[in-house]
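Reader: I should like to work through this structure feature by feature. Please give the general idea where there is one, and then the case at hand.

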Amino acid sequence: MSTDPSSTIQWYAIDIDPCTGEESERNLELVEPESAAPIGRSTFRLGKTDASPVTRYVGFRYTNGVVPGPRGIIAGQFIQPIFTYIFPELIDFGNPEPVNEFDLIPYIALGSGPFEFGNFLAAPLATPTIVGQLDPWPGFPVPPSTSCPPPSSTSATTTSASASSTPTGPPDIITILAALTRNGKGMTVTTVTALSSSSSAQLFLSIVGADAVEAQPMTPLGFNEFTLDVSTKGKPTSVIVTSNLGGSATEGV
């Protein structure tokens, strides 16, 4: 159910790297909410659409943008854990019982990466436990497990954030989720929320317009999302979000 039946909702799967825990999104469906009673209801049915691989979480998000709220809550977005998996059932009496194919569930067969307790907004642990294949395995044969490289022995060091940092790998993909402005006390406040495809990214926001603002580090919200409020005397014409990994995105406001 949604409070804005005029906005299309995206249904997407969240895949997890078994070694790094890095999350990536995989689009499943776009659905228009009901405009008649019950207003705002959206029903997602894949039918014969192949939604593999199996995921632990799916997400629902307004396609016209989201708004960051307190304590990392994102208005216009909801993350739903999957509680039930239905395996094939025996339909002919006397036939062999179908095997529950747990090996088709990646986070059980391959692992789900670093495991940490507590607040997801907190800084990650230096040496977290890597969650691997379920052991003992509930079946036979045991599927191949993931071989993750050992964690780096180099101790983490703190460096000052800089938008001009030289990326050491391929650039990440930046998506601007929302770029909103509001006026107050003679100033224009621009609120930008953006998403990186990499969990190791730090995003930066620049304001383009008569009162331009150079790149400023954005505040992490968790799940690779960042936000920042910037006040200017004049209304900006566009915003630019860059990453320390080389990604960039621009949007008019």
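Reader: In which sense do strand S1 and strand S3 pair, and over how many bridges?

Author: Please bear in mind throughout that this is a predicted model. As a general idea, the strands of a sheet pair through backbone hydrogen bonds, in a parallel or an antiparallel manner. Here, S1 (residues 9–16) and S3 (residues 57–62) are antiparallel, and six bridges connect them.

Reader: What is the order of the strands in the open sheet?

Author: The open sheet has four strands in the order S2-S1-S3-S6, and their pairing is antiparallel. Strand S2 (23–31) and strand S6 (77–81) are the edge strands; each has a single partner strand, so one side of each lacks a neighbour in the sheet. From one strand to the next, the twist averages 25°.

Reader: How many disulfides does the structure hold, and which residues are joined?

Author: There is one disulfide. Cys19 is joined to Cys148, with an S to S distance of 2.0 Å. The angle about the S-S bond is -90°, and the link of Cys19 and Cys148 is left-handed.

Reader: Where in the chain do the two cysteines lie?

Author: The link brings together distant parts of the chain, with the two residues 129 residues apart. Cys19 belongs to the loop between S1 and S2, whereas Cys148 belongs to the loop between strand S8 (129–131) and strand S9 (174–184).

Reader: Is Cys19 buried or exposed?

Author: Cys19 has a relative accessible area of 19%, so it counts as buried, the cut-off being under 20%. Cys148, at 29%, is partly exposed.

Reader: Which residues does Ser243 touch, leaving out those up to four places away in sequence?

Author: Ser243 is part of strand S15 (residues 238–243). Its contacts, with that exclusion, are Asp172, Ile174, Ala201, Gln202 and Leu203. With Asp172 there is a polar contact between the two side chains, at 2.9 Å. Ser243 is buried, its relative accessible area being 5%.

Reader: Where does Leu245 lie?

Author: Leu245 is in the loop between S15 and strand S16 (248–252). Leu245 is buried, with a relative accessible area of 16%. Its C-alpha atom is 8.6 Å from that of Ser198, although Leu245 and Ser198 are 47 residues apart along the chain.

Reader: Which residues are in contact with Ala249, aside from its neighbours within four places in sequence?

Author: Ala249, in strand S16, contacts Ile174, Ile176, Val239, Ile240 and Val241. Between Ala249 and Ile174 the C-alpha separation is 5.7 Å, and the two are 75 residues apart in sequence. Ala249 is buried, at 13% relative accessibility.

Reader: Where is confidence highest, and where is it lowest?

Author: In general, where pLDDT is low, the predicted coordinates should not be read in detail. The protein averages a pLDDT of 84, and 89% of the residues score at least 70. Confidence is highest in S15, at a mean of 94, and lowest in strand S4 (residues 67–68), at 82.

Reader: Over which residues does pLDDT stay under 50?

Author: That applies to residues 153–164, for which the model has six contacts beyond four places in sequence.

Terms used:
Residues are numbered from 1 along each chain as its sequence is written. This is a predicted model: local features need pLDDT of at least 70, side-chain atom pairs count only at pLDDT 80 or more; totals for chains, interfaces and linings use all residues. Side-chain values use heavy atoms; hydrogens and water are left out. Two strands pair if DSSP finds at least two bridges between them. Axes are lines fitted to C-alpha atoms, for helices over the stretch in contact, and angles run from 0 to 180 degrees between N-to-C directions. A disulfide is a pair of cysteine sulfur atoms within 2.5 Å. Buried means under 20% relative accessible area, exposed over 50%, partly exposed in between (1.4 Å probe, protein chains only). A polar contact is a pair of N or O atoms within 3.5 Å; within protein, one must be able to donate a hydrogen and the other to accept it, and residues adjacent in sequence count only if both atoms are side-chain atoms. Contact means heavy atoms within 4.5 Å. pLDDT is the predictor's confidence in each residue, from 0 to 100.
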